[in-house]
Amino acid sequence: RAKSAGGNRFEFSDAEADARAITRHGLTTALPAALERGEFFIEYQPLVHLGDGRVHGAEALVRWSHPQHGVLGPDHFIPLAEHTGLIVPLGRWVLQEAVRQARSWHEQAGPDGFAPLRINVNLSPTQLHHPGLVADTVDVLERSGLPPGALCLEVTESGLIGADEDLLKPLRQLAEMGVDIALDDFGTGYSNLANLRRLPVSVLKLDRSFTQGMQQHPADPFDRKIVEGIVSLAHSLELAVTVEGVETGVQAEQLRELGCDTAQGWYYARPGPPDRLHRLSLADAV
Ligand code: C2E
Ligand code: MG
Ligand code: MG
Ligand code: MG
């Protein structure tokens, strides 16, 4: 659904624009040293089964603990890291750290009696184009001992627009190894639905805008039809459907009724430190 334009449109003064440019420049030049100094950290947000509410896995979301600006979310620095190419070593660090964390959850799984958790890691377009992607991923998995089937890489629909075979090949190789590929923010891009068949993906992550349409009960009939259609198409292609941005029980219930498989959002938990996720999954094991 298109965001309504206009209304409270405002412009930055030159001074504000300058300040923003300076901040952006400062952040950009600080990125490499921040990576070396270990200023990045990861928060984990649970993904739950809509059927029984159990924790299924977690998405790794990177943050920057900046010495002057405090904790910065990815929207403040991922685009800058993309632009400078630092996203490649940063993304490799996130993958390594998240996989190590998932492996450690697996090691704790047995005696505690909760199922091994899966880990989702975001990839940006530059990482997709980087020739080392498959080798790096294989290396990280092998060194950690995490089974490839416990890893899901999230790529956005827009990152795959117009993707040719050369770009899809590394994803295909990873999928053949058992790594899941999810199409993130699905429904916001302009991808051809028929194109889905060609992509090596096994999960669709429905964008938050669809979840927002489920706020009222009953939801707008048109919104319901759209979600119903996407779910039925996804399932007929043997893709699982995850929904993002679930903030209320009303949304969760309607999305469950519409056949979505897993969900993520503040209704269940905000992104947080890894030990909290462990406690959440222990709680639902009893
Ligand atoms: P995303 O992959 O679509 O991640 C979901 C975003 O929605 C996260 O924002 C999460 O905190 C937020 N969210 C979760 N539940 C709710 C909810 O119920 N309501 C609302 N309003 N928001 C919710 P975050 O952490 O700020 O991340 C933003 C984006 O940054 C991510 O969107 C992803 O595209 C990117 N990102 C995060 N970590 C990484 C990373 O390690 N590498 C790359 N390349 N991109 C990353
Ligand atoms: Mg994501
Ligand atoms: Mg998403
Ligand atoms: Mg999103």
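**Ligand site, voids and backbone**

1. A nitrogen atom of ligand 1 lies 2.6 Å from an N or O atom in the side chain of glutamate 247. This counts as a polar contact, defined as a pair of N or O atoms within 3.5 Å. Taken alone, ligand 1 exposes 800 Å², of which the protein buries 84% (accessible areas by the Shrake-Rupley method with a 1.4 Å probe).

2. The model is predicted: local features need pLDDT of at least 70, side-chain atom pairs count only at pLDDT 80 or more, and totals for chains, interfaces and linings use all residues; side-chain values use heavy atoms, with hydrogens and water left out. Residues are numbered from 1 along each chain as its sequence is written, while chains are lettered from A and ligands numbered from 1 in the order in which they are written.

3. Two further polar contacts deserve mention. The side chain of arginine 208 places an N or O atom 3.2 Å from a nitrogen atom of ligand 1. For glutamate 59, a polar side-chain atom is 3.0 Å from an oxygen atom of ligand 1.

4. Ligand 1 is surrounded by 25 residues, the closest being Arg63, Asn122, Asp184, Glu247 and Trp266 (a residue is near if one of its heavy atoms lies within 4 Å). By class, this shell has 10 nonpolar, six polar and nine charged residues. Here Ala, Val, Leu, Ile, Met, Phe, Trp, Tyr, Cys and Pro count as nonpolar, Asp, Glu, Lys and Arg as charged, and the others, Gly among them, as polar.

5. Which element gives the most to the shell around ligand 1? Strand 2 does, with four residues. Helices (H or I, at least four residues) and strands (E, at least two) are DSSP runs numbered from the N terminus.

6. Ligand 1 sits in the largest pocket, in that more than half of its atoms lie within 2 Å of the grid points. A pocket is an open set of points on a 1 Å grid over the protein atoms alone, with protein on both sides within 12 Å along at least five of seven lines; a cavity is a set where a 1.4 Å probe fits but cannot get out, and lining residues have an atom within 4 Å of a point.

7. The largest pocket has a volume of about 1500 Å³, a volume being the space filled by probe spheres set on the points. Among its 47 lining residues, Asp75, Asp184, Asp185, Arg208 and Glu244 are the closest to the centre. The lining comprises 16 nonpolar, 17 polar and 14 charged residues.

8. The whole structure holds two cavities of 30 Å³ or more. The largest cavity has a volume of about 120 Å³, and Val88, Arg92, Gln127, Leu133 and Asp136 lie nearest its centre among 14 lining residues. Helix 3 supplies the largest share of that lining, four residues.

9. Histidine 217 and proline 218 are joined by a cis peptide bond, with omega about 0 degrees; proline 218 lies in the loop between helix 7 and helix 8 (221–236). Aspartate 185, in strand 6, has a positive phi, near 50 degrees. Most residues other than glycine have a negative phi, and most peptide bonds are trans.

Notes:
A polar contact is a pair of N or O atoms within 3.5 Å; within protein, one must be able to donate a hydrogen and the other to accept it, and residues adjacent in sequence count only if both atoms are side-chain atoms.
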